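This report describes how the parts of one protein chain are arranged. Please consult the sequence and the structure shown below while reading.

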Amino acid sequence: MIPKHEHIGILGGSFNPVHTGHLMLADYIAQFTDITRVMLMLSPLNPIKENADELIEDSHRLEMLRIACDGNPRLTPCDIELSMPRPSYTINSLNRLQELYPDSRISLIIGSDNWLMFDRWREHEQIVRRYSPVVYPRPGYPVESLTLPPEVSLVEAPTVDISSTFIRKSIREGKDMTNFLPPGVADYIRANGLYK
């Protein structure tokens, strides 16, 4: 249950799988900005992203998100895009969430890598106007706060250079990724034979 009048941050991703870097970022934003809750919104298929063939089933990725967020009242898994037309576009998802939580303020959370190509996003100007994006740093993609529109803020969240691609590749190579994944997620991956 989401309390009324919350400032909700929406962090979208494939979460294939969700890893400690995702959780550190989401929890940092929920504790060190005026956003009080971060929804980790599972994307069924990113229209821009490559390697769609490496995407495991939505149900597995959603269950790992649930395990990862369990016990943290600031983080909530969000499956809204799984029931929407595909490919999923962020503007449609944000509009739908605003309908569901009309008393809350909603902000999009994106990495500086995505911000630098934000003009490729569908209705990006409307996203900026309505959903005041919060940009976090990604290594190798510097963004100057002076170049941002007034609706967009830059948050100096700590950066962790871990990627889901690295996790998947390491699991295929037989490496133990337990310490790179939220508690319970490594067990779930092993139990279900994922990413072999």
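Leaving aside its neighbours within four places in sequence, with which residues is Arg-172 in contact? The model examined here is a predicted one.

## The surroundings of Arg-172

Apart from neighbours within four places in sequence, Arg-172 is in contact with Glu-54, Tyr-195 and Lys-196. Arg-172 belongs to helix H6, which covers residues 164-172. Its relative accessibility is 47%, so Arg-172 counts as partly exposed.

A distance through space may also be given for Arg-172. Between the C-alpha atoms of Arg-172 and Leu-194 there are 9.2 Å, while the two residues are 22 residues apart in sequence.

## The sheet

The structure contains an open sheet of 6 strands, arranged in the order E3-E2-E1-E4-E5-E6 and paired in parallel. Strands E3 and E6 (153-154) form the edges, each pairing on one side only.

Strand E4 lies between E1 and E5 in this order. With E1 it runs parallel, and 5 bridges join the two strands; here Ile-10 stands opposite Leu-108 of E4. Strand E5 (residues 134-136) also runs parallel to E4, to which it is joined by 3 bridges. On this side, Ile-110 is opposite Val-135 in E5, and Gly-111 has Tyr-136 of E5 as its bridge partner. Is E4 enclosed by the rest of the structure or open? Strand E4 is largely enclosed, because 6 of its 7 residues are buried.

In general, the side chains of a regular strand alternate between the two faces of the sheet.

## Helices packed beside the sheet

The buried residues of helix H5 (residues 124-131) include Gln-126, Ile-127, Val-128 and Tyr-131. These buried residues pack against three elements, namely H3, E4 and helix H4 (112-115).

Two packed helices are described by the angle between their axes and the distance between the axes. The axes of H3 and H5 cross at roughly 30 degrees and come within 10 Å. Angles under 35 degrees count as roughly parallel, and H3 and H5 are therefore roughly parallel to each other. Their crossing is left-handed. On the H3 side, Thr-90, Ile-91, Leu-94, Asn-95 and Gln-98 take part in the meeting of the two helices, and on the H5 side Gln-126, Ile-127, Arg-130 and Tyr-131.

## Salt bridges

Side chains of opposite charge can pair when their charged atoms come close. How many salt bridges does a search of the whole structure find? The search finds 13 salt bridges.

One of them joins the side chains of Asp-27 and Arg-74, with 2.8 Å from N to O. Asp-27 is in helix H1 (residues 20-32), whereas Arg-74 is in the loop between helix H2 (58-69) and strand E3 (75-78), so this pair ties together parts that are 47 residues apart in sequence. Asp-27 has a relative accessible area of 17% and is buried, because buried means under 20%. Arg-74, at 27% relative accessibility, counts as partly exposed.

A further salt bridge is formed by Arg-105 and Asp-34, whose closest N and O atoms are 3.5 Å apart. This pair links distant parts of the chain, 71 residues apart: Arg-105 is in strand E4 (residues 105-111), and Asp-34 is in the loop between H1 and strand E2 (37-42). Arg-105 is partly exposed at 44% relative accessibility, whereas Asp-34 is exposed at 53%.

## A salt bridge within one helix

Arg-66 and Glu-63 also form a salt bridge, with their closest N and O atoms 3.6 Å apart. Why are these two residues separated by about one helical turn? The reason is that Arg-66 and Glu-63 are 3 residues apart in helix H2. Both residues are partly exposed: Arg-66 has a relative accessible area of 40%, and Glu-63 one of 29%. Elsewhere, salt bridges that share partners join Asp-58, Arg-61 and Arg-86 into one network.

How values were computed:
Residues are numbered from 1 along each chain as its sequence is written. This is a predicted model: local features need pLDDT of at least 70, side-chain atom pairs count only at pLDDT 80 or more; totals for chains, interfaces and linings use all residues. Side-chain values use heavy atoms; hydrogens and water are left out. A salt bridge is a side-chain nitrogen of Lys or Arg within 4 Å of a carboxyl oxygen of Asp or Glu. Helices (H or I, at least four residues) and strands (E, at least two) are DSSP runs, numbered from the N terminus. Buried means under 20% relative accessible area, exposed over 50%, partly exposed in between (1.4 Å probe, protein chains only). Two strands pair if DSSP finds at least two bridges between them. Contact means heavy atoms within 4.5 Å. Axes are lines fitted to C-alpha atoms, for helices over the stretch in contact, and angles run from 0 to 180 degrees between N-to-C directions. Angles under 35 degrees count as roughly parallel, over 145 as roughly antiparallel, 65 to 115 as roughly perpendicular and the rest as oblique. A crossing is left-handed if the near helix is turned anticlockwise from the far one by less than a right angle, and right-handed if clockwise.
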